[in-house]
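Hi,

Here is the structure I said I would pass on. Have a look at it first, and my notes on what turned up follow below.

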Amino acid sequence: MEQPGVLAGPITQRSVVQNLLREVVLHLPLLFSNGANMNALYMDDSYLKEFEAKVESVTKGGENKFFIVLDKTAFYPDSGGQPYDTGKLTKGDVEYPVVYVGKFSGNISHEVSREGLKEGDVVKGVIDWERRYALMRMHTAAHLISEVFHRDSGAFITGNQLGLDKSRIDFSLEDFDREKMSEYFAKANEIVEKDLNVKTYFLPREEAIKIENITKLANVLPPNIKELRIVEIDGFDIQADGGTHVKSTKEIGKIEFIKAENKGKNNRRVYFKVV
Ligand SMILES: [Zn+2]
């Protein structure tokens with residue numbers, strides 16, 4: 001999902017739209033929000049661990065490999081740098097392990113490793129919460145870190161990949177100064193300690209483009225995107241984002257700066273974890 005070209009050029013003025021733009025570029029495929037055929041429950045409630053849904057289709061992908069589309073789901077599909085959820089679908093006493101979740105042709109598809117589900121079945125979905133919650137903490141931490149880096153150095157994020165043990169963010173940044181980076185991480189931890197609320201909501205496209213710099217945003221937004229999902233860290237950061245987040249910054253815990261790598265001209269890769 002790295003498209004640094006879109007972000008190239010001097011940035012002289014901060015605005016909501018620039019922030020939106022930053023994550024629109026990274027999360028573009030996610031911002032189709034709750035399109036007619038997705039019904040992604042995690043968009044409205046990141047803390048939903050169990051849900052009931054109806055099987056809309058079953059496709060065999062190989063031995064012990066079946067792709068299930070549900071009429072709604074709380075499973076997060078691999079996208080925008082946030083890894084997929086795992087867990088299970090159950091019908092009666094039978095459990096169908098969910099080993100991968102992806103987005104294909106606008107549908108969220110659950111790969112299960114057991115045969116037996118049929119179209120029309122009503123199933124219960126259960127998310128592997130430990131994994132998901134770790135990724136939520138990582139994701140909100142990544143927003144905090146990006147914003148601190150951006151405020152202090154003007155750096156823009158050009159890529160990111162969250163993980164369970166460690167996550168990374170790529171920045172377009174001239175300086176390669178580990179001491180400064182450590183300072184940025186200390187600042188990010190100060191924000192964590194402030195325990196700011198993290199809110200998610202949808203903003204109609206018309207409202208988003210009323211804000212200054214509309215052409216830039218309009219240029220990267222496909223016309224069929226009618227609304228944007230917004231993730232706002234109260235009084236600190238606002239981004240368009242389709243991922244799952246904790247509801248207050250203190251839930252992140254403590255952010256640890258692992259290391260930084262020099263990936264060539266203006267490209268800095270930063271690794272971190274949350275403990
Ligand atoms: Zn994000």
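Let's start with strand E1 (residues 50-62) and strand E2 (residues 65-70): they run antiparallel and are joined by six bridges. On the terms: strands (E, at least two residues) are DSSP runs numbered from the N terminus, and two strands pair if DSSP finds at least two bridges between them.

Before going further, keep in mind that this is a predicted model, where local features need pLDDT of at least 70, side-chain atom pairs count only at pLDDT 80 or more, and totals for chains, interfaces and linings use all residues. Residue numbers start from 1 along each chain, following the sequence as written.

Back to the first pair. Within it, Val55 stands opposite Leu70 in E2. E1 and E2 make a hairpin, with two residues between them. E2 also has a partner in strand E5 (residues 107-112): four bridges join the two, and they run antiparallel.

Most residues other than glycine have a negative phi. Asn64 sits in the loop between E1 and E2. It counts as partly exposed because it has 13 C-beta neighbours inside 10 Å. (The cut-offs: buried means 20 or more other C-beta atoms within 10 Å of the residue's own, exposed means 12 or fewer, and partly exposed is in between; C-beta atoms are placed from the backbone.)

Asn266 is another one to look at. Its phi is near 60°, a positive value in a residue other than glycine. You will find Asn266 in the loop between strand E12 (255-262) and strand E13 (267-274). With 16 other C-beta atoms within 10 Å, Asn266 is therefore partly exposed.

Last, there is an open sheet of three strands, in the order E9-E10-E11, with antiparallel pairing. Its edge strands are E9 (198-204) and E11 (237-240), each of which pairs on one side only. On average, neighbouring strands of this sheet are turned by 25° against each other, direction ignored; the axes behind that are lines fitted to C-alpha atoms, and angles run from 0 to 180 degrees between N-to-C directions. Seven bridges join E9 to strand E10 (residues 227-233). Among the positions to check, Thr200 has Val231 in E10 as its bridge partner.

Cheers
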